[in-house]
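Here are a few notes to read alongside the model.

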Amino acid sequence: MKLVRTALFAPGSKERVMAKALESGAHAVILDLEDSVPIAAKAEARALVARAIDSASALPAVSRPMVTVRTNGAATGLLADDLAAVVRNGLDAIFLPKVESVEQMTGTASLLDRLEAAQGLAAGTVRIVPMFETALGVMRCYELARASARVAATCIGSARDGDLQTDLGCSWSIEGTELFYARSKILLE
């Protein structure tokens with residue numbers, strides 16, 4: 001499976017970067033509203049992502065990638081605005097960062113219910129991919145993954161100098177041995 005992640009504030013025209021990602025032949029595209037976007041630029045980024053989702057929905061079904069958005073986490077106070085901007089025809093799923101509680105999952109699912117209804121979308125259209133990026137999220141991964149029927153997959157944060165390594169106080173390695181327990185726990189549960 002080919003996946004493209006777009007950082008909205010990468011060099012080049014933001015619209016061109018997103019258009020290239022959507023037309024790249026990738027099976028899935030992640031449009032990022034979280035860490036790659038400075039706080040002062042969140043509103044602009046939401047509008048850009050909304051336009052990209054609209055563009056993607058106009059593509060022929062055979063060439064249209066799965067369109068996902070990495071939102072800001074539930075604890076940031078930015079999630080509701082992110083979802084209000086991007087829940088629309090053409091959005092397949094959200095990546096929900098730093099999930100730590102069932103309440104974050106169920107609250108996000110409830111908000112999606114309301115926004116889908118307001119947009120005239122079928123209930124459950126937008127799926128959730130919880131991202132386990134803290135020790136607490138990893139410890140609670142089973143209950144978090146089962147908290148909503150919207151969960152399509154799970155994701156572990158394992159990037160170099162990422163949130164999980166920072167939370168655990170460990171260094172990153174190419175082998176990933178520092179996250180062996182976390183990856184194994186999430187896979188088994």
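1. The buried residues of α4 (buried: under 20% relative accessible area, exposed: over 50%, partly exposed: in between, with a 1.4 Å probe and protein chains only) are Q104, M105, T108, A109, L111, L112, L115 and E116. They cover an arc of only 165° around the axis, taken from the directions to the C-beta atoms, so they sit on the same side of α4. In general, an α-helix has 3.6 residues a turn, so residues three or four places apart point the same way.

2. A word on the source: this is a predicted model, where local features need pLDDT of at least 70, side-chain atom pairs count only at pLDDT 80 or more, and totals for chains, interfaces and linings use all residues. Residues are numbered from 1 along each chain as its sequence is written, and side-chain values use heavy atoms, without hydrogens and water.

3. On the face of α4 turned away from the buried side you will find the exposed residues E103, R114, A117 and A118. The buried residues, for their part, pack (contact: heavy atoms within 4.5 Å) against α3 (79-86), β4 (93-96), β5 (127-132) and α6 (141-145). Helices here are DSSP runs of H or I with at least four residues, and strands are runs of E with at least two, numbered from the N terminus.

4. Just after α4, do look at G120, which takes a positive phi of about 75°.

5. Finally, S158 lies in the loop between β6 (155-156) and α7 (163-168). S158 counts as partly exposed because its relative accessibility is 34%. Leaving out residues up to four places away in sequence, S158 touches Q165, W172 and L179.
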